[in-house]
Amino acid sequence: MAKGLLVTYALWAVGGPAGLHHLYLGRDSHALLWMLTLGGGGLGWLWEFWKLPSFVAQANRAQGQRQSPRGVTPPLSPIRFAAQVIVGIYFGLVALISLSSMVNFYIVALPLAVGLGVLLVAAVGNQTSDFKNTLVAAFLTSPIFYGRPIAILPISVAASITAQKHRRYKALVMSEPFSVRLYRLGLAYLAFTGPLAYSALCNTAATLSYVAETLGSFLNWFSFFPLLGRLMEFVLLLPYRIWRLLMGDTGFNSSYFQEWEKLYEFVHSFQDEKRQLAYQVLGLSEGATNEEIHRSYRELVKVWHPDHNLDQTEEAQRHFLEIQAAYEVLSQPRKPRGSRR
């Protein structure tokens, strides 16, 4: 059935950030990308207003084709390459926040997450790339920067270059039932958001600490480019400012939004907020001495050690990891306020 331009524009207006119009046009990879990024932060959704006619024409043309172009390489797109790098970094940051407690995280989970983000952008529209070579490039790059959050950037760049090198047109396949496509998208969405939701709900203090560390490390990448660094801070604070503009001060009565507000304050007071959370986890007041920190740490470790709480192993493990993370933060020497700048 031919796709209609008016229907596409209607779905774009109603559920564009969730990718409804892409789902209608059979662009499932693009729909998933929009679901996971809320329409590319809203900017990609707005930019698509002018691209919808070409998307509809491409979808109708694909329905009439009997075979895909063979031996033809898609033209190189700087926009697609930049999007691959950005989405790869985004997937890496999400993995760093939700999965960094995993064993061998920097060897397995991080390059896999970044590589999948790059491949998702590579599969947008009628193009795709080589799955194996892109992931191999990500996995080979990760050991070079082992243990450092900055590894996300070179992994994403290496995977994006490889994906561009092996770009090709998609092979034509028989159209699948809508229920099957929706089921596959749902599984992919849960795989992305599940670990993040679990970390936020079941390990809140440690997750906020990971978010603070991740945002701080991310902004440190731009310390040599002040203008670009301020631009990134503006982008990170944009959802918060939009909320203030729409909701005024009433939103501050919500405990959920208080946590969200604290999250964005980490952009400006990353170090202080992380230390305050660490003091709270150890049950200490700010400014406690090193002896008090060490004594509280030893007492809490004894109380919450998983071997001593066999009847509540999961809760004990969660508290044990939070206590260790808090102690590591407070054991580090405090840097001057303006050192990041």
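Select helix α6 (residues 78-99) and helix α10 (residues 178-202): their axes come within 8 Å and cross at roughly 40 degrees. Helices are DSSP runs (H or I, at least four residues), numbered from the N terminus. Axes are lines fitted to C-alpha atoms over the stretch in contact, with angles from 0 to 180 degrees between N-to-C directions. This is a predicted model in which local features need pLDDT of at least 70 and side-chain atom pairs count only at pLDDT 80 or more, while totals for chains, interfaces and linings use all residues. Residues are numbered from 1 along each chain as its sequence is written, and side-chain values use heavy atoms, with hydrogens and water left out.

The crossing of α6 and α10 is left-handed (the near helix is turned anticlockwise from the far one by less than a right angle; clockwise would be right-handed). To see the contacts (heavy atoms within 4.5 Å), show Tyr90, Phe91, Val94, Ile97, Ser98 and Leu99 in α6, which meet Phe192, Pro195, Leu196 and Ser199 in α10.

Asp28, Leu32, Met35 and Leu36 in α3 meet Arg181, Leu185, Ala188, Tyr189 and Phe192 in α10.

Next, select Asp28 and Arg181, which form a salt bridge with the closest N and O atoms 2.6 Å apart. Asp28 in helix α3 (residues 28-41) and Arg181 in helix α10 are 153 residues apart, so the pair links distant parts of the chain. The whole structure has 4 salt bridges (a side-chain nitrogen of Lys or Arg within 4 Å of a carboxyl oxygen of Asp or Glu).

Note on methods
Helix = DSSP H or I, 4+ residues; strand = E, 2+ residues; numbered from the N terminus.
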